[in-house]
Every structure is written in C-alpha cells, then in structure tokens.
Amino acid sequence: MGEAHDLSTVPTDVLLCDTFSQVPEDGNALSLLLTRTQLFIQSLSATSASSGSSRASFHLSDCISCRAFRGKDSRDIGGYFTAIFFPLRGMLGTAAYRQRISRTFRTEASRDREQNLKLARTWAQKICLLFDEQGHPRLLPSPARFLVLLNPRGGTGKAFSLFETHVMPMLTEANAHFTLLVTERPNQARELVRERDLSAWDAIVVMSGDGLMFEVINGLMERPDWATTIKKPLSILPGGSGNALAASINHYSGHQQVTGTKLLTNCAFILCKGHPVPLDIVSLTTSSQQRIFSFLSLAWGFISDVDIESEKYRFMGYARFSVGTFVRLTALRTYRGRLSYLPAISSSEIRDTTADMKSSSADRTETRVLEDSLVVPLDQPVPSHWHTVEDQFVLVLALYQSHLGAEHFTAPMVKGPGEGNIHLFYANSRISRTSLIKLFIAMEKGTHLDQEIAHLIHVPVVAFRIEPSESTGIMTVDGEVIECSPIQGQIHRGLGHVLSLGPQL
Ligand SMILES: Nc1ncnc2c1ncn2[C@@H]1O[C@H](COP(=O)(O)OP(=O)(O)OP(=O)(O)O)[C@@H](O)[C@H]1O
C-alpha cells in the first residue's frame, strides 16, 4: 500500500467514505476515506485488520492524475478509478525522490453498472478537484499545453530516450498536451522562440542542459514583444551534463539533492504540478556592445576553465567536472584583472525589473529595450560608490541560482529563483590548492561557506564589472563560452518566470 497510518489520527473532515476493493483483485474489501488533503485506505478484512500494512494514506499534493472507467468485460458491473501518485520515497540514509505509485479501486456497491461507474466518477472528480487545490494555485490552464525543446546531443546523448521513458508517460497521465521539437543544430531553439508565435503554448519546456535554456532566454529577449513574452513560464528537464538550473529548481521545490533519472523524475513532477514563479535575469554587456541575458552564472578563471576543458570527457556525464577539477588543480592558472561591484546592501538596490521597463517604455512601443539603470557605459569608470578589487585571480564567479551543477550546491543561501541577488565569489592567487580541494569537496553538500576557506570571498551584489588584463582566459555565461574581454551586468529581479513547487522567491 502507500504510507502506513494510524487510523486514530484520521481527521474529522471526511468528504467521501465508501467501500471499494483494490485491483488487481485481492478479494479484500477496503474502506476509502477522502479528506481535503489525503486519501486514506483501510483494509476491512479480518486477517489483515490487525497488521500495520492494512492501512495506508496518500497526500493529494503528490497526485498527478485520477480517472474513472468501466470494466473491459461487458458482464463486469464494477465501477473503477485509478489514482497516480508520485510521493517522495528513499531508502534509509539515501535522498528521497519522487516515485510512481498507481492504485486502482473497484466498487460493486450497486447491482447497476451505471451507478457503480457514477460512484467511481464522483471519487475521481473529487480527487482531481482537491489535488489542484493543494499548495499554490497552479495558474496554468488545464489541460496545459507545452512546447518541449529537446537537445538530443545534450549530456551523454540520451535525452530523447529519457524523455520517452520518464517524461512522456507522466505528461500523458497528467493529461498535459505537448509539442515535441528535437533540435538539429545549435541556435535552432533560439531562432524558433525569437520568430514563432508562441501563443499556442502555456509554457516552454527545455529538456537539455543549461545551454539550451540560455538559447531560449536570449531568443525570447530578441523578440520585439520581449517584455510580455519573457513572462511565459519556462520549465527545465535535466538532459545535459551540468543541469544547474534543474538542480536549483529541484532544491527550491523542497526536494533533496539527487542526480540522473531521479532528478529528471522530480523535475517532470514539477512540470506537471508546478506554478510560475519569478526568475531573475542578469543583463550583461560586453565591450563589443553585445547584450547577453543570463539566468545562472558568469564565470572567469578556474570554474569556466574546468567547464570548457572537461568537454572532452563529456561521455563520463557529471564525473567530467571532477576529472576536470583535478586536472586544472595540478596546473593552477591565475588571471590578472579588475573586479568591481555594487553590493546588495539596501533593498532599494534589489530592483524590481518593472521599474526598468517603465523608464524605457515611455512611448509604449514594442521595440523598447530593457534599461540597465545601475551601470554606466563600460568605457567609463564605475560609479564612486562601487567597490573595486585589482588582483591576480584564480576564480571569479557570479552566480544567481543555488546550484552551479547537479552536485555543486554553490550558493546555499539562495532559496528561490527570483531573490534579486547576484552572489559574487572570488579567490586570488594566495588561495592554496588544499583550500581549493576543500572548497570543491564541501560544495557538493553546500557546507563550504561554513568552513574557513582563506582567500575565498563571497559578497551579494546587484551589479558587477570584470575587466581582464589579458584576453587569453576562458569566460562563460551559463556555461557557454564568450569572448574574454571587459563585461558588466546587473540583475533584473523576476524578469522571467519558471515553473516551481516553491514559494514566490
Ligand atoms: N542537435 C544539436 N546538435 C548539436 N548541438 C546542439 C543541438 N541542439 C542544441 N545544441 C547545442 O548544444 C549545446 C549544449 O547543450 P546543453 O548546454 O543544453 O547541454 P550540456 O552542455 O550537455 O549541458 P550543461 O550545460 O548542463 O552542461 C548548446 O549550446 C546548444 O546550442
């Protein structure tokens, strides 16, 4: 059965109570009890009544589907309903993750086939109504229509088969409609979301790594109607190797840190049950006046070196980052440059992006641009109230989500995708290899900031500028390589939306 429960704790707010049997038929009569939040199942057989396994309960917030139907055999007068749950389960000592449990119940309360079907329908409809009411309002139409963009080359190249085995059945059971588009080349997704009418879909789902999400966000921001289209909810299904956004959303949704198909199942559940929450976007400007929109990170030095240099170990999946970290540690590089930032000291600086949009939309045309009101042009010195550090750096990382990768819990202080902070981490050349090893080991569980790691600085900021002295290093935005040259950016709090089970942070 499901979770054992003590019937003495069954609440008084019972909405439905009837006798069913469980299918496949085991001959035992069951008492089903429905409250606003749970389905309780109690065996009525004398033999099992004394055992704990004769009782179970399921939370309706874990339910993705409930349907009533007749028996296949026309002589069968029973009425049936099937409820599908994805409760969090895990072996003792291991992280819990969403696992599918399907329960089918049959009633023969009446001698009339139609009456039995009617009773089964009453249960199924009530359960559907109640599971929609659990937690935050879903806010997406029902049935929801998703545009799924899938990169078959992401990660170890298994995204398509994983979609077929782990996602498609769940979407079908949850009665979600989807259009699947398998990308054939880089930038196809970017062009598609930039040029197509997206009104036929309620959310855009990316099944890949962070690179395809980067394409989607930048494609949306290139549209003349970007100000409205960027609000279309996005959703991520991990099909890459880093999967930082997927791991972050999994974390904000109250799930434990898991990887692989466990993370995928959790994220598919979030897609079926989540609600749109604000997503911060950092607007970056390069010295060649290129505008880049980022949802995750900007890295220069150690982290971007590992990310890009470990591409050749892609076949290893996530292990590529551990191998890359080890290789780079043996030949540590340093990078001279200037780092400037505006600390997030007052809430007035954690800006709501609507202010930036209003100021730039006086004429209300659809071609307005998003203004970066916290920064001055790159060829001018930063404002005097900014902080500046000139040094020989080992790493510089600006991160706006909790995870830098599925097993890199780099910014544990981030509780939601729209908090309005950029977490700036940097270390200069005085950091030792031992400290770096300690840092990367502790980062897996997010305990690195509790330890004294000398020469590692963390500061929450709302805007920053990086000016490398040489152009030889590797710089990445959301894991994608960009030209290593002066760049600056500022946060736009809650500019986008992403599906999550967490609060509106
Ligand atoms: N069909 C395709 N063939 C080759 N490259 C593609 C295709 N579709 C998309 N791409 C490109 O693949 C790149 C990598 O994809 P993505 O980042 O999503 O996966 P990943 O690198 O495995 O994951 P992560 O970024 O989480 O490490 C993206 O920049 C995207 O433009």
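1. The largest nonpolar core has 121 residues, and F146, L149, L237 and L298 touch the most other members. A nonpolar core here is a set of buried Ala, Val, Leu, Ile, Met, Phe, Trp, Tyr and Cys residues joined through side-chain atoms within 4.5 Å. Buried means under 20% relative accessible area and exposed over 50%, with partly exposed in between (1.4 Å probe, protein chains only). Another core lies apart from it, with 23 residues, among them F20, L34, F85 and W123.

2. On the source: this is a predicted model, in which local features need pLDDT of at least 70 and side-chain atom pairs count only at pLDDT 80 or more, while totals for chains, interfaces and linings use all residues. Residues are numbered from 1 along each chain as its sequence is written, and side-chain values use heavy atoms, with hydrogens and water left out.

3. Leaving aside neighbours within four places in sequence, L298 is in contact (heavy atoms within 4.5 Å) with residues including L284, V396, F464, M475 and I487. L298 also stands opposite V477 in β21.

4. Strand β16 (residues 297–301) is mostly covered, as five of its five residues are buried. Helices (H or I, at least four residues) and strands (E, at least two) are DSSP runs, numbered from the N terminus. Two strands pair if DSSP finds at least two bridges between them. β16 is joined by five bridges to β18 (residues 387–399), and the two run antiparallel; G301 has L395 as its bridge partner in β18. Three bridges join β16 to β21 (residues 475–477), also antiparallel.

5. Which residues of helix α11 (residues 433–443) are buried? They are S435, L436, L439, F440, A442 and M443. These lie on the same side of α11 because they cover an arc of only 165° around the axis, taken from the directions from the helix axis to the C-beta atoms. On the other side, T434 and I441 are exposed.

6. There is one cavity of 30 Å³ or more. On a 1 Å grid over the protein atoms alone, a cavity is a set of points where a 1.4 Å probe fits but cannot get out, and a pocket is an open set with protein on both sides within 12 Å along at least five of seven lines; lining residues have an atom within 4 Å of a point. The largest cavity has a volume of about 40 Å³, and its lining includes I303, L395, F425, L439 and M443. β18 and α11 each supply at least two lining residues.

Note on methods: Grid points are joined across faces, edges and corners, and a volume is the space filled by probe spheres set on the points.
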